Amino acid sequence: MNPIFVTMRRTIGAILNRGSSALAVAAFLSACAVQFALALENSEGARLPLCAVWAVSVAPYLPALAAFLAMDVWSEERRTGRIDSMLTIAVDEWDFTVGKFLAVWFTVISSCLLFLLISLGLSHLYIPSVLKGVSLMSFVPALFVLAMQAAVWSAASVAASSFFRHAAAAVSTALAFTVALPRGLWAILAMISSKGRMSFGEMPLDAAVVDFSCGSFSTGHIFMCLFSAVAALFVSAVFISTNRLKGRGAFKANFRASLIMILAVVASALACVTALRLDASFEISGFVQRGNFDERTRKILSESSGDVSVTCFLSRSDARFRQTGRLLRSIKRESDFIGGAQLDIKFVDPSWDIGPSARLVRDGVKEGSVVFRRAQRSVAVPLDDTFGEHSCAIAILRVTRRPQRHNVYWSVGHGELSIADYGKFGLSDIARDLAREGYRNAEIDLTRTDVPKDCALIVVAGAKDDFSRTELGRMDAFLRDGGRLLVLLHSAEEGGVITMLPQWGMRTVTASLSGVNTLSGTDVIVGDFSNHPVSEPFIGSRIILERPESFVPSAALDVKAGVDGIRFSSVASAGGKTVVAAVERGTGAGDDIAIRPTRIIAVGDSSFVVNGQLKARSSANRGFFLNCVAYLSGADTTTSAVDESVSLRVDFSRSTRRRFVRSSAIVAPVVVLCLMLLYVLSRRCRS
C-alpha cells in the first residue's frame, strides 16, 4: 500500500484514540457555536449570506483545533524514540510527513462538516426562517476556503510537532505562530492606529473567507495557502531527516539542513507575495451570492439608469482594497439583477497605472476615493469610515437623477437629540445621510420664528419637554397649510408635540408588548409592516426599536370629513400594537399638485437612528428613516417591493436564543465528547 495513506490511516487512529482530541473537538464545536449565535444575533438586515456568517464563525478557531490535534503526531514519536525505528524503514521522510498532515487536515475538515450539520439541524429546529432560500450547495465555497486555510494550519502544526519532544511545547509553538502572531499583530496594529480598523481594513484571512463564501474566488489566496502549506511540510520533512544524521559529519549536514529550511521559508514568502501581487479574482456564477442590501439601496438602484463608470482610485496593497472591490462588485450584481444602471467598474493603482492616475489627479480626485461618473456628472466618494453601500447608492443617485433640494428642519429647545452631536446618542450620522441625498439640514426654534416657507418637513426627535402654546400654534398653522411632520417619540406621557397629536388623528399609549422578538430584552424586532408607501418596501425585513411606545386612532377621525378628513394608517406593528403610525389630511381633495395634503409620521422610539444604534447593529433602521423623510418631503413615493430571497431573517427571541445557544454550544458538544470518549475507551479495552 502507499506509505502516505498507511501513515494517514494510522495517524487518524492515534488522534481519535486520545482523550485530548475529544476535548479539542468538543471545545471547537462549542466555541464555533457561540460565535455563530452571536453572529446571527447581529445579522438582522446583515450584508452577508448565511454561508458567510457561518464560515467567519468557524475560521478563527481552525488553527487552535489543528494545533491540538497535531501536537502528538511527531512529538510522541520523538519522545518515545520510535522515530529511530521509523527512519530505518525504506520510506521517505516526506511520505511520513504528508501522511500525518493529511490525517490532521482530514480530522479538522471532518469537525467543520460536523459543525455544519449541527448548525443547520438546530437552525431548522429553532430558527427555520434563517434557512429560507439556503441550500447545501451554497456552503461549498465556504467549505473550500476553510479547507485551504485548514491545510495551512495543519501543516504548520505538524511542523511544530516535529521540532519538539513534548506535546505542550509543540502546541504552544503552533498557537503562537498560527493564532497569536497573525491575529494578535493585526489587533495591535488596529488598536494603536489613529484610524482603527479603517487604517488596516479587515483581517485578510477573514476577508478571504467572506469573499469565497460569496462566490468571489481569489487566485492569490489559493496559491498563498498552497505555497505556505508545502513550505511548512517541506521544513518538517527536512528537520525529521536530520534524525538520520549521526557521527562526525552530522554538524555539517545539520547546518546544510538548517540553511535549506531557511531558504524554503524565504522562497515561500516571496512566492506568496508574488501570488498576492498578481492576484486575479473570478466568480463562478452558480456560487455567486447576491448582496443583502437594504431596501433604500435597492430602490435607488432600481430607479437608476444609463451607463455609470465606477473608478476605484486605490493601491492594491491598501488593506481597504479587497473590501471595497467586494462591495462594488456586489452593487454591480444587484443593479444588473434589478435592471438598474449598468456599472463599469475599474481599479486604478497609483503605483502602476500612471496615466489614469494622472488624469484622476488633474480632475481633483484624491487617492483613496471611488469616482462615479455619468456624462458630465461625477461624484467622488472618499474611503473613510462612512463609506459603504449607502454612500455608493447615493452617489449613483446623484449622477443619474436631476439635482433636488429639500430643507429638513430639526426642532430644538426641548431636550431633543442633536444633529450636531457626534456621540453615541447623537444624530450626526443620519443627518449626513440626508445631506448626501440632497437635503439641507437646519435647526429651528419655534419660540423665536415661524416655520420658513422653504420647509419640506419638521423633525421632532426625542423631545423631553412639551412645546409651549406659541410653538404649538405655529406648528398647527404649518400643518394646516399642508405641512409635514416626523415625530420620534421619547415618551407616551409627555414631551414635544404629544398634546397636539390627538387633533390630528392619533394618540399615544404606553405599549405593553408581549411575545415579541428581542435581541437584548429591552429592544423589539419589528417586522410586521403594512402596505403603506413608507413600509411596503420593507416587508420581509426588520427594524429594531428600543422600548417603543404605541399609537391608536383618536376621536378626530370620526369628527372631520371631506377635505378635512383624516386617515390613520398603521405603518409598522409589534405584538399587535402599532409602533409606527401615519396620518394624512386632505387626500380627498386631489393630489399633491392641487392641494398639498398634511402628513404626519410618528415612531414610538426616539433613539432608533442615533449614531450608536446605527453602528452597533445591522438593521433596516437607516433606510426606514430615510424612506419616512422621502415620503413626507414628496421626493419619493417608494412603492417597490422587496426581494425576500436575499434577506437574512433570524427571528431570535430571548427564549429561542437561549435554547439555540444551549443546544449548540453545550448539549451537542457534550454529546460529541461522550461519543468520542466512549470510542477511546472501547479501543483501549480491546487493546
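## Helix α12 and its start

At the start of α12, Ser-218 contributes a side-chain oxygen that comes within 3.4 Å of the backbone nitrogen of Gly-220. This is a predicted model.

Helix α12 covers residues 219–241. Its 23 residues should span 33 Å at 1.5 Å a residue, and the end C-alpha atoms are 33 Å apart, so the two values agree.

## Ser-268 in helix α13

Ser-268 lies in helix α13, residues 250–277. Is Ser-268 buried or exposed? Its relative accessible area is 11%. The cut-off for buried is under 20%, so Ser-268 counts as buried.

The side chain of Ser-268 reaches the backbone oxygen of Phe-227 at 3.4 Å. Setting aside residues up to four places away in sequence, Ser-268 touches Phe-227, Ser-228 and Ala-231.

## Nonpolar cores

The largest nonpolar core holds 78 residues. Trp-54, Val-58 and Leu-62 touch the most other members. Helix α7, residues 93–126, gives this core its largest share, 14 residues.

Which residues does Trp-54 contact, leaving aside neighbours within four places in sequence? They are Phe-36, Cys-112, Phe-115, Leu-116, Ser-119, Phe-139, Leu-143 and Leu-146. A second core is separate and has 44 residues. Tyr-439, Val-524, Val-534 and Val-579 are among them. In soluble globular proteins, nonpolar side chains tend to be buried together.

## Helix α22

Helix α22 runs over residues 621–633 and has 13 residues. From first C-alpha to last it reaches 18 Å, close to the 18 Å expected at 1.5 Å a residue. Just after α22, Gly-634 takes a positive phi of about 85 degrees.

How many of the 13 residues in α22 are buried? Twelve are, so the helix is mostly covered by the cut-off of under 20% relative accessible area. The buried residues include Phe-624, Phe-625, Leu-626, Val-629, Tyr-631 and Leu-632. Asn-621, Asn-627 and Ser-633 are also buried.

## The whole protein

The protein has 23 helices and 18 strands. Of its 687 residues, 55% are buried.

Notes
Residues are numbered from 1 along each chain as its sequence is written. This is a predicted model: local features need pLDDT of at least 70, side-chain atom pairs count only at pLDDT 80 or more; totals for chains, interfaces and linings use all residues. Side-chain values use heavy atoms; hydrogens and water are left out. Helices (H or I, at least four residues) and strands (E, at least two) are DSSP runs, numbered from the N terminus. The expected span of a helix is 1.5 Å times one less than its number of residues. Buried means under 20% relative accessible area, exposed over 50%, partly exposed in between (1.4 Å probe, protein chains only). A polar contact is a pair of N or O atoms within 3.5 Å; within protein, one must be able to donate a hydrogen and the other to accept it, and residues adjacent in sequence count only if both atoms are side-chain atoms. Contact means heavy atoms within 4.5 Å. A nonpolar core is a set of buried Ala, Val, Leu, Ile, Met, Phe, Trp, Tyr and Cys residues joined through side-chain atoms within 4.5 Å.
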